[in-house]
Amino acid sequence: SILAGNCPGFMQRMVDDLNTSKVPWKDVLAYYLRQRFCQARGNRHTFTPPNRRYLYQDIILTSRIGAKKPKLAFSIDTSGSMSPKDIAAGISEMDTIRRLYKVDLYLIECDYSVHKATWVKPYEPIPAVTGGGGTSFVPVMQHIKDKKIDVDVVVMFTDGYGDFGAKPDVDVIWVMNSTVVAPYGTTLKVD
């Protein structure tokens, strides 16, 4: 017997297209982490624990501390100017980052205010997103500062039509689906 599918072909192609990341995150974040994160923190030395290579000679030397896993925040613009397809593309980009690097991401949903903010593990389901108001990126940066969220970089997925505010203390990578260029941080374009 032939089993019928539960999704029309054209719709499955549309869903598959949305689930494909448009940004080469492996290259983008690898460059960022190499330049700003690993080099700055990978050359630290400590006596606890001491270097084991010399202990048998009763010599105590420092050992290197390896770079810790990066802590990333990912903010999705859920304002009215973002279509459901745009928001789905943002979720796809976030999912690609967390699976590629196997890191927890601090997911922030924001339009004119922060609606939800939570840590998302690499293999747990992505929470549903809501929103639909105006656009401001200031609440995202203020939320990170006020809640003392320890992140190394904030990735903002947006169309860029909103209030950027002053440059924050944290590094920002803007993923724009428009021609807007952010006044600070690194701007990447996606279709």
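Student: Which strand gives the largest share of the lining of the largest cavity?

Tutor: Start with the general idea. Rolling a probe the size of a water molecule over the atoms shows where empty space is left. Now the case here, in a predicted model. Strand 3 (residues 72–77) gives the largest share of the lining, three residues.

Student: How many cavities of 30 Å³ or more are counted?

Tutor: The count is one. The largest cavity has a volume of about 30 Å³.

Student: Which residues line the largest cavity?

Tutor: Look for Ser75, Ile76, Asp77, Cys110, Asp111, Thr135, Ser136, Phe137, Val140 and Met156. By class, five are nonpolar, three are polar and two are charged.

Student: Next, salt bridges. How many does the structure hold?

Tutor: The idea: side chains of opposite charge can pair when their charged atoms come close. This structure holds five salt bridges. One of them joins Asp150 and Lys71, with the closest N and O atoms 3.1 Å apart.

Student: Where in the chain do Asp150 and Lys71 lie?

Tutor: In distant parts, 79 residues apart. Asp150 is in the loop between helix 4 and strand 6, and Lys71 is in the loop between strand 2 (63–65) and strand 3. Asp150 is partly exposed, at 44% relative accessible area. Lys71 is partly exposed too, at 31%.

Student: What is the distance between the closest N and O atoms of Lys121 and Asp104?

Tutor: In this salt bridge they are 3.3 Å apart. Lys121 lies in the loop between strand 5 (114–120) and helix 4, and Asp104 in the loop between helix 3 (84–101) and strand 4 (105–110), so the pair ties together parts that are 17 residues apart in sequence. Lys121 has a relative accessible area of 45%, and Asp104 has 29%.

Student: Is Glu109 buried or exposed?

Tutor: Glu109 is buried, because its relative accessible area of 1% falls under the 20% cut-off. The side chain of Glu109 meets that of Lys116 in a salt bridge, 3.5 Å from N to O. Lys116 is partly exposed, at 33%.

Student: Which residues are linked in a network of salt bridges?

Tutor: Find Asp95, Arg98 and Arg99.

Student: Last, backbone angles. What is phi of Lys148?

Tutor: The rule first. Most residues other than glycine have a negative phi. Phi of Lys148 is near 55°, a positive value in a residue other than glycine.

Student: Where is Lys148?

Tutor: Go to the loop between helix 4 (138–146) and strand 6 (153–158). Lys148 is exposed there, with a relative accessible area of 71%.

Terms used
Residues numbered from 1 in each chain as written. Predicted model: local features only at pLDDT ≥ 70, side-chain atom pairs only at ≥ 80, totals over all residues. Heavy atoms only, no water. 1 Å grid on protein atoms, 1.4 Å probe; cavity = no way out; pocket = protein on both sides within 12 Å on 5 of 7 lines; lining within 4 Å. Points joined across faces, edges and corners; volume = space filled by probe spheres on them. Helix = DSSP H or I, 4+ residues; strand = E, 2+ residues; numbered from the N terminus. Nonpolar A, V, L, I, M, F, W, Y, C, P; charged D, E, K, R; others polar. Buried < 20%, exposed > 50% of the residue type's maximum accessible area, 1.4 Å probe, protein only. Salt bridge = Lys/Arg side-chain N within 4 Å of Asp/Glu carboxyl O.
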